[in-house]
Amino acid sequence: MKAKQLLPIFWVVALAGVLAACSGAEEENPHAAMDHGEMESMEHSSSGELPTGLEKAENPAFKVGSKAIMKSDHMEGMNGEEATIAGAFETAAYAVTYTPTSGGEPVRNHKWVIQEELQNAGNEPYKPGDKVELEADHMAGMEGAEAVIDSAEQTTVYMVDFTSKTDGQAVKNHKWVTESELSSK
């Protein structure tokens, strides 16, 4: 065969290799249950606006302005990255499963939604299995969605600033990382 005839075959083989590599990497990703549209709808940064009634932590393990290492993989680009603490608050944190109001497959075990981001939450913490309505807007289709509490913990939650290791983007006022997901440098 001539070189001109081999060129199209080369590109087909190269493209197949790239697609195979992408699909293999996705299987190893702990977020593989989410499709790419859901990952794109995640709001890494926020305005920093706090839900009504959220109380600042009086004596957090990580002070505002200090640095910590995130030990969390609930969003791509976080695990092992250094974060600057932008806020520390005492509340109940929940992992939830919900179906987006915009449609699509259920989002399972989304971490974290806090007590003050639940419709008519009151002061009593919820338990696994309880049904709630979300006021959080961390992801497209989250606000107004009905959810089931997967897990609950009374803890200090942190709003953090960091640079995503997957795309190099600066993330400001990310909500939320729990105290157990942070370690000293």
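Glu 181 sits in the loop between E7 and E8. In this predicted model, Ser 180 belongs to the loop joining strand E7 (170-178) and strand E8 (182-183).

Ser 180 is classed as exposed because its relative accessible area, 52%, is over the 50% cut-off. Leaving out residues up to four places away in sequence, Ser 180 touches Lys 71 and Glu 153. Lys 71 is 109 residues from Ser 180 in sequence, while the C-alpha atoms of the two are 8.0 Å apart in space.

## Surroundings of Glu 181

Glu 181 is buried and has no salt bridge. The side chain of Glu 181 does make a polar contact, at 3.0 Å, with the side chain of Trp 112.

Apart from neighbours within four places in sequence, the contacts of Glu 181 include Ile 69, Met 70, Lys 71, Ser 72 and His 74. Trp 112 and Trp 176 are also in contact with Glu 181.

## Nonpolar cores

The largest nonpolar core has 17 residues. Val 96, Tyr 98, Leu 118 and Leu 134 have the most contacts inside this core. At least two of the core residues come from each of strand E3 (82-98), strand E4 (107-114) and strand E6 (146-163). E3 gives the most, with four residues.

Not counting residues up to four places away in sequence, Tyr 98 touches Leu 134, and its other contacts include Pro 106, Val 107, His 110, Met 139 and Gly 141. Met 142, Ala 145, Glu 146 and Ala 147 are also touched by Tyr 98. Another core, of 15 residues, lies apart from the largest one; among its members are Met 78, Ala 83, Tyr 158 and Val 177.

## Overall architecture

The secondary structure comprises two helices and eight strands, in the order α-α-β-β-β-β-β-β-β-β along the sequence. Of the 185 residues in the protein, 39% are buried. Among contacts between residues at least 6 apart in sequence, 60% join residues at least 24 apart.

## Confidence

The average pLDDT of the protein is 81, and 75% of the residues score at least 70. Residues 5-41 have a pLDDT below 50; this stretch has 23 contacts in the model beyond near neighbours in sequence. Where pLDDT is low, predicted coordinates should not be read in detail.

Terms used:
Residues are numbered from 1 along each chain as its sequence is written. This is a predicted model: local features need pLDDT of at least 70, side-chain atom pairs count only at pLDDT 80 or more; totals for chains, interfaces and linings use all residues. Side-chain values use heavy atoms; hydrogens and water are left out. pLDDT is the predictor's confidence in each residue, from 0 to 100. Contact means heavy atoms within 4.5 Å. Buried means under 20% relative accessible area, exposed over 50%, partly exposed in between (1.4 Å probe, protein chains only). Lys and Arg count as positive and Asp and Glu as negative; His and the chain ends are not counted. A salt bridge is a side-chain nitrogen of Lys or Arg within 4 Å of a carboxyl oxygen of Asp or Glu. A polar contact is a pair of N or O atoms within 3.5 Å; within protein, one must be able to donate a hydrogen and the other to accept it, and residues adjacent in sequence count only if both atoms are side-chain atoms. A nonpolar core is a set of buried Ala, Val, Leu, Ile, Met, Phe, Trp, Tyr and Cys residues joined through side-chain atoms within 4.5 Å.
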